[in-house]
Amino acid sequence: MSELTERKFICVSCPLGCGLTVRLDSSGEVIKVEGNTCPRGESYARSEVKDPRRVFASTVRVKGGKLPVCPIRSKTPAPKDKLFEIAQEVAKLEVNAPLEIGQVLIHNVCGTDVDIVTCRDLAAR
Ligand code: SF4
(Lines give C-alpha, C1' and ligand atoms only; values in the text may rest on other atoms or scores of the structure.)
Protein backbone atom coordinates (compact mmCIF):
# COMPACT_ATOMS: atom_id res chain seq x y z
CA MET A 1 0.00 0.00 0.00
CA SER A 2 1.39 3.45 -0.96
CA GLU A 3 2.04 5.98 1.77
CA LEU A 4 -0.07 9.15 1.68
CA THR A 5 1.14 12.58 2.72
CA GLU A 6 -0.84 15.72 3.30
CA ARG A 7 -0.03 19.35 2.57
CA LYS A 8 -2.02 22.37 3.60
CA PHE A 9 -2.34 25.69 1.76
CA ILE A 10 -4.41 28.84 1.87
CA CYS A 11 -5.88 29.51 -1.55
CA VAL A 12 -4.87 33.03 -2.62
CA SER A 13 -6.93 33.06 -5.80
CA CYS A 14 -9.62 35.27 -4.21
CA PRO A 15 -10.16 37.12 -0.91
CA LEU A 16 -12.12 34.24 0.66
CA GLY A 17 -8.83 32.41 1.37
CA CYS A 18 -10.13 28.85 1.65
CA GLY A 19 -7.96 26.42 3.61
CA LEU A 20 -6.94 23.61 1.26
CA THR A 21 -5.75 20.11 2.13
CA VAL A 22 -3.93 18.19 -0.59
CA ARG A 23 -3.39 14.44 -0.29
CA LEU A 24 -0.39 13.07 -2.19
CA ASP A 25 0.76 9.55 -2.89
CA SER A 26 4.35 8.42 -2.29
CA SER A 27 5.41 9.63 -5.75
CA GLY A 28 4.05 13.13 -5.08
CA GLU A 29 0.98 12.77 -7.28
CA VAL A 30 -2.11 14.61 -6.10
CA ILE A 31 -4.81 12.14 -5.02
CA LYS A 32 -7.35 14.58 -3.66
CA VAL A 33 -7.89 18.28 -2.91
CA GLU A 34 -10.30 19.26 -0.13
CA GLY A 35 -11.47 22.52 1.38
CA ASN A 36 -11.88 24.43 -1.87
CA THR A 37 -15.16 26.25 -2.41
CA CYS A 38 -14.71 26.46 -6.19
CA PRO A 39 -12.67 24.78 -8.97
CA ARG A 40 -10.02 27.52 -8.91
CA GLY A 41 -8.95 26.26 -5.49
CA GLU A 42 -8.23 22.80 -6.88
CA SER A 43 -6.18 24.27 -9.76
CA TYR A 44 -4.29 26.47 -7.30
CA ALA A 45 -3.51 23.52 -5.00
CA ARG A 46 -2.28 21.34 -7.88
CA SER A 47 -0.09 24.18 -9.15
CA GLU A 48 1.31 24.83 -5.64
CA VAL A 49 2.39 21.20 -5.41
CA LYS A 50 3.83 20.81 -8.91
CA ASP A 51 4.97 24.27 -10.04
CA PRO A 52 4.42 27.05 -7.48
CA ARG A 53 4.36 30.50 -9.11
CA ARG A 54 3.87 34.10 -8.06
CA VAL A 55 3.49 37.41 -9.85
CA PHE A 56 6.73 39.32 -9.27
CA ALA A 57 6.30 43.07 -8.56
CA SER A 58 8.90 45.75 -7.93
CA THR A 59 10.19 49.04 -9.36
CA VAL A 60 13.00 49.98 -11.75
CA ARG A 61 15.13 53.11 -11.85
CA VAL A 62 14.26 55.55 -14.65
CA LYS A 63 16.62 58.02 -16.33
CA GLY A 64 15.17 61.31 -17.58
CA GLY A 65 11.62 60.63 -16.40
CA LYS A 66 9.06 62.74 -14.53
CA LEU A 67 9.45 60.16 -11.76
CA PRO A 68 12.71 58.45 -10.70
CA VAL A 69 11.23 54.94 -10.63
CA CYS A 70 8.54 52.98 -12.47
CA PRO A 71 6.49 50.08 -11.05
CA ILE A 72 6.99 46.79 -12.89
CA ARG A 73 5.67 43.25 -12.65
CA SER A 74 6.00 39.90 -14.33
CA LYS A 75 3.52 39.63 -17.20
CA THR A 76 2.60 36.14 -16.01
CA PRO A 77 3.35 34.35 -12.71
CA ALA A 78 7.01 33.33 -12.39
CA PRO A 79 8.42 30.19 -10.73
CA LYS A 80 8.56 30.82 -6.97
CA ASP A 81 12.10 29.45 -6.68
CA LYS A 82 13.34 32.03 -9.24
CA LEU A 83 11.90 35.14 -7.56
CA PHE A 84 15.13 36.07 -5.76
CA GLU A 85 17.17 35.70 -8.95
CA ILE A 86 14.59 37.80 -10.83
CA ALA A 87 14.79 40.49 -8.13
CA GLN A 88 18.58 40.63 -8.61
CA GLU A 89 18.18 41.05 -12.39
CA VAL A 90 15.57 43.78 -11.99
CA ALA A 91 17.75 45.61 -9.42
CA LYS A 92 20.50 45.97 -12.08
CA LEU A 93 18.14 47.63 -14.51
CA GLU A 94 17.92 51.36 -15.31
CA VAL A 95 15.67 52.39 -18.19
CA ASN A 96 15.21 55.60 -20.18
CA ALA A 97 11.95 57.56 -20.18
CA PRO A 98 9.46 57.73 -21.78
CA LEU A 99 7.86 54.40 -20.93
CA GLU A 100 4.51 52.95 -21.95
CA ILE A 101 2.33 50.71 -19.82
CA GLY A 102 2.92 47.04 -20.67
CA GLN A 103 6.33 47.74 -22.25
CA VAL A 104 8.60 44.70 -22.03
CA LEU A 105 11.76 45.64 -20.12
CA ILE A 106 13.24 42.13 -19.76
CA HIS A 107 12.25 39.31 -22.09
CA ASN A 108 12.49 35.74 -20.72
CA VAL A 109 13.89 36.92 -17.38
CA CYS A 110 16.35 34.39 -15.91
CA GLY A 111 15.32 31.84 -18.55
CA THR A 112 11.82 31.52 -17.07
CA ASP A 113 9.91 32.33 -20.26
CA VAL A 114 8.36 35.22 -18.32
CA ASP A 115 8.61 38.88 -19.36
CA ILE A 116 9.02 41.85 -17.02
CA VAL A 117 6.72 44.71 -18.04
CA THR A 118 5.95 48.25 -16.89
CA CYS A 119 2.76 48.91 -14.90
CA ARG A 120 2.21 52.51 -16.06
CA ASP A 121 3.07 55.17 -18.61
CA LEU A 122 5.92 57.40 -17.52
CA ALA A 123 6.67 60.59 -19.47
CA ALA A 124 10.09 62.10 -20.03
CA ARG A 125 10.98 65.29 -18.10
S1 SF4 B 1 -11.17 27.95 -3.50
FE2 SF4 B 1 -12.31 29.39 -4.76
S3 SF4 B 1 -13.56 30.51 -3.28
FE4 SF4 B 1 -11.91 29.52 -2.11
S5 SF4 B 1 -10.26 31.07 -1.99
FE6 SF4 B 1 -9.84 29.76 -3.79
S7 SF4 B 1 -10.78 30.88 -5.49
FE8 SF4 B 1 -11.66 31.71 -3.61
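**Strands, a sheet and a ligand shell**

Trainee: Which residue in β2 is the bridge partner of Arg7?

Mentor: The model is predicted. Strand β1 (residues 5-10) and strand β2 (residues 19-24) run antiparallel, joined by 6 bridges. In β2, the partner of Arg7 is Val22.

Trainee: Which residue in β3 does Val22 stand opposite?

Mentor: β2 is also joined to strand β3 (residues 30-34), antiparallel, by 4 bridges. The hairpin of β2 and β3 has 5 residues between the strands, and Gly28 takes a positive phi near 85° there. The residue in β3 opposite Val22 is Val33.

Trainee: Which strands stand at the edges of the open sheet of 5 strands?

Mentor: The order in this sheet is β8-β5-β6-β10-β9, and the pairing is mixed. Each edge strand has a single partner strand, so one side of it is left without a neighbour in the sheet. The edge strands are β8 (94-96) and β9 (104-106).

Trainee: What angle does the direction of helix α2 make with that of β5?

Mentor: Helix α2 (residues 83-91) packs on the sheet and touches β5 (57-63), β6, β9 and β10. Its direction and that of β5 make an angle of about 15°.

Trainee: How many residues of the shell around the ligand are charged?

Mentor: The residues around the ligand include Cys11, Cys14, Cys18, Cys38 and Arg40. The shell divides into 6 nonpolar and 5 polar residues, and the number charged is 1.

Key. Residues numbered from 1 in each chain as written. Predicted model: local features only at pLDDT ≥ 70, side-chain atom pairs only at ≥ 80, totals over all residues. Near = placed C-beta within 6 Å. Nonpolar A, V, L, I, M, F, W, Y, C, P; charged D, E, K, R; others polar. Pairing = 2+ DSSP bridges. Helix = DSSP H or I, 4+ residues; strand = E, 2+ residues; numbered from the N terminus. Contact = placed C-beta atoms within 7 Å. Axes fitted to C-alpha atoms, helices over the stretch in contact; angles between N-to-C directions.
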